[in-house]
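Please look over the chain below before working through the exercises, each of which pairs a task with a stepwise solution.

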Amino acid sequence: MDFELSEECKALQGVARDFAEKEIAPTVTAAERAHRFQREIVNKMAELGFWGCPIPEKYGGNGLGFVAHVVLCEEIARVSCSLAVLFNAQTMGTSRAILEFGTEAQRRKYIPKLVGAEFIGCFAVTEPDAGNDVTAMTTVATREGDRYIINGVKTWISLAQVADVGLIFAYTSLGRKHRGISAFIVDMDLPGISCSPDQEKLGWRAAPTAEIYFDNVSVPDSAMLGKPGQGFEIMLRCFDNMRLTAAARAVGNCQALIDESIKYSTQRVQFGQDIGRFQMVQEVIARMVVETEAARLLTYRNANQKDLGHLHNTLEASMSKYFASEVASRIADDAFRIMGAYGCSGQQRIGRLLRDAKMHQVLDGSSNIHKMIVATDALGYRRANR
Ligand SMILES: Cc1cc2nc3c(=O)[nH]c(=O)nc-3n(C[C@H](O)[C@H](O)[C@H](O)COP(=O)(O)OP(=O)(O)OC[C@H]3O[C@@H](n4cnc5c(N)ncnc54)[C@H](O)[C@@H]3O)c2cc1C
């Protein structure tokens, strides 16, 4: 067993850390305040190959793999959770899905442009009445000749209003429950597609989210990803990948909270000494460090399994995503206590980190859903990895 990152990954980590500190850190606070999507930074990240780790060179990626992908995501999330959202929207939820399920024509048409950030991607499952219960969706794609006509509403879709292409899930056969869902690669400038204004959020404010309205949107047969009725399977496979990224994003957020807490603990003097000298503060710092390292190891193990070819590791995806999100939430509380009044200042970096940290528990499957997956597997009621 080797717990060390490869030399290649360590080098990549250094590049990402340097980029995040030099290019993102000086601009992130203003972008978050203005709710501004940093397209120019996304382009620079594309130039460095950040969107193409789990994508082969043949389609514009670098083939460095899933561990490289999570190392990058963690480093970017340490400075901006909003930009880290794109490791899913741009890579796992679109390029990687098209790589795994697309035709050769679809792969060539979309993947290189997503990896190069010529296209921005989005992934749309959630609807007003379909959150964790994805089969409650009501968006339909009705067959007319050699085309499908899409009608419905998606909500809370990351990057919807800036996306060029979306992976959209809809019922093509309503009576067949999950077997009636299909997936479509949809060009977001088609007539009949519109978006709501940016949805107000607690954190991740520079990653826009919106409702998408589909009003008789006509797409050709060739827009379908996979086969009719294969949408649910594709969705689950995307979830396996997206939950890995979500765990890495939470770990990056945790590390930022630790960094801020240590900085403050070694600078703030009370009762004649750094507050970091007080044992009760040390107890909190120790827990933050150990729990984050445990979350990181679960996440790296999940990624390593994928690099070894175990792509459908739903159990490990749930374990790492659940644990990392819960740790982020707990650590935010710890950091808040250490920071005292400074932590209450919403305008400082720490205010943003605290707000960002709560978000992980909700997205990419809530903690309850992941506990259910882990528990039903442990109890032998339903195997997670199938
Ligand atoms: C910032 C942001 C970005 C997002 N981006 C995207 C995106 O790009 N694409 C996309 O498709 N979606 C996106 N979403 C939607 C997100 O994935 C959903 O919010 C998430 O799936 C949870 O759904 P919900 O909020 O409707 O919660 P609900 O499903 O309504 O759950 C509410 C509560 O009930 C609990 N609950 C529900 N079912 C069960 C159960 N069976 N057992 C126990 N407890 C249960 C949940 O754990 C939760 O605590 C985004 C959301 C946010 C906030």
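**Exercise 1.** In which helix is the place of Val 290? Then decide whether Val 290 is buried or exposed.

Solution. The model is a predicted one, in which local features need pLDDT of at least 70 and side-chain atom pairs count only at pLDDT 80 or more, while totals for chains, interfaces and linings use all residues. Residues are numbered from 1 along each chain as its sequence is written. Val 290 belongs to helix 8, residues 279-307, where helices (H or I, at least four residues) and strands (E, at least two) are DSSP runs numbered from the N terminus. A residue is buried if 20 or more other C-beta atoms, placed from the backbone, lie within 10 Å of its own, exposed if 12 or fewer, and partly exposed in between. Val 290 is exposed because 11 other C-beta atoms lie within 10 Å.

**Exercise 2.** Describe the length and the covering of helix 7.

Solution. Helix 7, residues 231-267, holds 37 residues and reaches 53 Å from its first C-alpha to its last. That span is close to the 54 Å expected at 1.5 Å a residue, the expected value being 1.5 Å times one less than the number of residues. Helix 7 is mostly covered, since 27 of its 37 residues are buried.

**Exercise 3.** Work out how domain 2 and domain 3 are placed and what they supply to the shell around the ligand.

Solution. The assignment, which is automatic or from a database, gives domain 1 (7-120), domain 2 (122-231) and domain 3 (232-378). The centres of domain 2 and domain 3, taken over C-alpha atoms, are separated by 30 Å. Even so, 16 residues of domain 2 are in contact with 13 residues of domain 3, contact requiring C-beta atoms, placed from the backbone, within 7 Å. Each of these two domains gives at least three residues to the shell around the ligand. Of the 20 residues around the ligand, those that come nearest are Thr 126, Gly 131, Asn 132, Ser 366 and Asn 368, a residue being near if its C-beta atom, placed from the backbone, lies within 6 Å.

Notes:
Two residues are in contact if their C-beta atoms, placed from the backbone, lie within 7 Å.
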